[in-house]
Amino acid sequence: MNYRHSFHAGNFADVHKHLTLLAVLDYLLLKPKPIFYLDTHAGGGEYDLSGDESTRGNEWNEGIGRIFNGHFTSPLITRYIEVIHKAQQGAGKLHTYPGSPLIATHVLRDIDRRVFVEMQAEECLALRKLLRQPQHHMVNTTVNHGDGYQALNAYLPPKERRGLILMDAPFEAADEFKRLEQALLRASERWSDGVYCLWYPIKSGGLVNPFYAALKRSGLRNLLLAELSVRPADTPLGLNGSGMLIMNPPWQLDIALRSAYTELLPALAPDSQGSVRVEWLVRE
Ligand SMILES: C[S@@+](CC[C@H](N)C(=O)[O-])C[C@H]1O[C@@H](n2cnc3c(N)ncnc32)[C@H](O)[C@@H]1O
């Protein structure tokens with residue numbers, strides 16, 4: 001496995017994924033009780049946008065680069081941009097992009113518990129170092145080197161009984177959709193009340209269709225599809241859209257996401273080739 005997220009950090013899919021993650025976390029944090037947060041595919045936590053790998057494809061130019069200085073009315077977009085601005089630590093201009101662990105760390109409280117799992121030793125070490133820095137350091141935090149899918153067995157159900165599981169696999173393996181679906185099924189047998197966010201790519205060839213079909217057949221309920229595409233789904237090669245399957249989404253999250261994505265779309269896909277889809281795959 002040689003996936004490196006730094007090539008993609010801050011691209012349109014990261015914008016969509018992290019805005020969605022933040023929205024779900026903010027809803028969960030409205031209540032004072034502690035939550036459990038598990039990020040099964042955590043990555044290195046922070047990406048230098050002027051580094052070798054980020055500048056090779058410059059994908060962030062068509063993602064966060066398009067909206068960092070923009071003005072939006074959706075509170076979800078404004079909130080996301082505010083967190084990305086904070087991550088620049090006073091630099092004013094965009095030079096670094098926070099991964100999901102840093103985004104979560106920005107909003108979680110000391111009473112909440114965080115577990116990050118990362119398979120690649122180098123990325124895992126980078127994340128450990130990052131979270132030891134005083135500005136990011138928080139109590140109740142564990143960084144594990146290993147398989148995030150296995151961690152679901154070890155950590156679920158959590159004693160807090162409220163929380164969010166993010167599964168953000170690299171989709172390098174041909175059977176990743178299948179693994180993701182099976183992981184969700186196993187996890188929900190252990191803990192059916194958790195909020196689960198599963199990221200998936202939308203590419204040509206309809207690879208995502210068997211995933212939808214399997215989930216519909218699975219018996220799982222309360223499944224929301226939250227997708228933003230910058231090109232028609234059948235455009236050959238490349239990533240056309242970014243999807244998040246959300247199980248047990250907070251009440252009215254679908255409405256807030258649809259409105260945020262609709263405002264975001266012209267900024268991320270200025271040629272009007274994109275689309276937004278927020279709909280129930282299976283209702284409650
Ligand atoms: C898409 S990246 C994660 C990005 C991160 N969630 C973020 O939003 O900033 C996927 C990560 O999963 C790691 N990975 C791949 N297979 C894994 C597994 N089975 N368990 C845990 N991590 C894995 C890769 O090394 C990579 O860092």
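Reader: Which residue of E6 is the bridge partner of Leu38?
Author: The bridge partner of Leu38 in E6 is Ile165. This is a predicted model, in which local features need pLDDT of at least 70 and side-chain atom pairs pLDDT 80 or more, while totals for chains, interfaces and linings use all residues. Residues are numbered from 1 along each chain as its sequence is written, and side-chain values use heavy atoms, without hydrogens and water.

Reader: How many bridges join E1 to E6?
Author: Four bridges link strand E1 (residues 36–39) with strand E6 (residues 163–167), and the two run parallel. Strands are DSSP runs of E with at least two residues, and helices are runs of H or I with at least four, numbered from the N terminus.

Reader: What is the strand order of the sheet?
Author: The sheet is open and has eight strands, in the order E5-E4-E1-E6-E7-E9-E8-E10, with mixed pairing. Two strands pair if DSSP finds at least two bridges between them. Strand E5 (141–145) and strand E10 (275–282) are the edges, each pairing on one side only. From one strand to the next, the twist averages 15 degrees.

Reader: Which strands does helix H8 touch?
Author: Helix H8 (residues 176–190) packs on the sheet and touches E6, strand E7 (195–202) and strand E9 (241–247). Its direction makes about 175 degrees with that of E7. Axes are lines fitted to C-alpha atoms, for helices over the stretch in contact, and angles between N-to-C directions run from 0 to 180 degrees.

Reader: At what angle do the axes of H7 and H8 cross?
Author: The axes of helix H7 (residues 148–155) and H8 cross at roughly 5 degrees and come within 10 Å. The two helices are therefore roughly parallel to each other. H7 contributes Tyr149, Leu152 and Asn153 to the contact, and the residues from H8 include Glu176, Leu180 and Arg190. Contact means heavy atoms within 4.5 Å.

Reader: Changing topic, which residues come nearest to the ligand?
Author: Of the 19 residues around the ligand, His18, His41, Glu118, Gly148 and Asp168 come nearest. A residue counts as near with a heavy atom within 4 Å. A ligand oxygen is 2.8 Å from an N or O atom in the side chain of His18, and a ligand nitrogen is 3.0 Å from one in the side chain of Asp147.

Reader: Is the peptide bond from Leu156 to Pro157 cis or trans?
Author: That bond, from Leu156 to Pro157, is cis, with omega near 0 degrees. Pro157 is in the loop between H7 and E6.

Reader: What is the phi of Asn140?
Author: Asn140 has a phi near 55 degrees, a positive value in a residue other than glycine. Its place is in the loop between helix H6 (121–132) and E5.

Terms used:
Parallel < 35°, antiparallel > 145°, perpendicular 65-115°, else oblique. Polar contact = N/O pair within 3.5 Å; in protein donor to acceptor, adjacent residues only side chain to side chain.
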